[in-house]
Amino acid sequence: MIATKFYILLGAMLFAIGAAGAMVRKNVLVILMCIEIMLNGVTLTLLAYAVENESAVGQIAAFFVMAVAAAEAAVGLAIIVAIFRTAHATSVDEIHLLKW
């Protein structure tokens, strides 16, 4: 059996990769995927703690994180499609719809 600390380390690495990608990349689709990677890292960490402590609280929290990730993907993709239809761009630098 793999130790819990390795799962937590993998979750932290996934979160760091997602955070770095969200801060560095300019394409809104890539930013959305990086946010998904960050949420997967959080889910993995919650599940690792749930298994370590033999508690269902972490599993329930992971379920809610997955629900938020699914909702974020659906709403995010709808917003991106709407922005692409009006602005014809997917780069953050080219989209000025929310600026004053």
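In this predicted model, Asp93 and Lys26 form a salt bridge, with the closest N and O atoms 3.8 Å apart. The two partners come from distant parts of the chain: Asp93 belongs to the segment after α3, Lys26 to the loop between α1 (4-24) and α2, and 67 residues separate them. The count of salt bridges comes to 1. Asp93 has a relative accessibility of 46% and counts as partly exposed. Lys26, with a relative accessible area of 44%, is likewise partly exposed.

The chain contains 3 helices and 0 strands, and the pattern read along the sequence is α-α-α. The C-alpha trace spans about 50 × 25 × 25 Å along its principal axes. The radius of gyration of the chain is 17 Å, whereas a compact globule of 100 residues would have a value near 13 Å. Of the 100 residues, 26% count as buried. Among contacts with a separation of 6 or more, 60% are between residues 24 or more positions apart. The accessible surface of the chain comes to about 7100 Å², and carbon and sulfur atoms account for 74% of this area.

Helix α3 covers residues 57-87, a run of 31 residues. From its first C-alpha to its last, α3 reaches 43 Å, close to the 45 Å expected at 1.5 Å a residue. The buried residues in α3 are Gly58, Ala62, Val65, Ala69, Glu72, Gly76 and Ile80. An α-helix has 3.6 residues a turn, so residues three or four places apart point the same way. The cover over the buried residues of α3 includes α2 (28-53).

The residue that follows α3 is His88, whose phi is positive, near 55°. His88 is a residue other than glycine and lies in the segment after α3. With 59% relative accessibility, His88 counts as exposed, because the cut-off for that class is over 50%. A positive phi is also found at Glu54, again a residue other than glycine, with a value near 50°. Glu54 is placed in the loop between α2 and α3. The relative accessibility of Glu54 is 75%, and Glu54 counts as exposed.

Helix α1 contains Thr4, which counts as buried at 16% relative accessibility because the limit for this class is under 20%. When neighbours within four places in sequence are left aside, Thr4 is in contact with Ala48 and Glu52.

Another residue of helix α1 is Leu9. Leu9 has a relative accessibility of 48% and counts as partly exposed. Leu9 is also one of the residues of a nonpolar surface patch of about 650 Å². Helix α1 gives the most to the nonpolar patch, contributing 5 residues.

Note on methods
Residues numbered from 1 in each chain as written. Predicted model: local features only at pLDDT ≥ 70, side-chain atom pairs only at ≥ 80, totals over all residues. Heavy atoms only, no water. Helix = DSSP H or I, 4+ residues; strand = E, 2+ residues; numbered from the N terminus. Expected span 1.5 Å × (residues − 1). Buried < 20%, exposed > 50% of the residue type's maximum accessible area, 1.4 Å probe, protein only. Contact = heavy atoms within 4.5 Å. Salt bridge = Lys/Arg side-chain N within 4 Å of Asp/Glu carboxyl O. Patch = residues over 30% accessible without salt bridge, like charges linked within 9 Å, V, L, I, M, F, W, Y side chains within 5 Å. Areas by Shrake-Rupley, 256 points an atom, 1.4 Å probe, with all protein chains shown as cover. Rg over C-alpha atoms; globule rule 2.2 N^0.38 Å.
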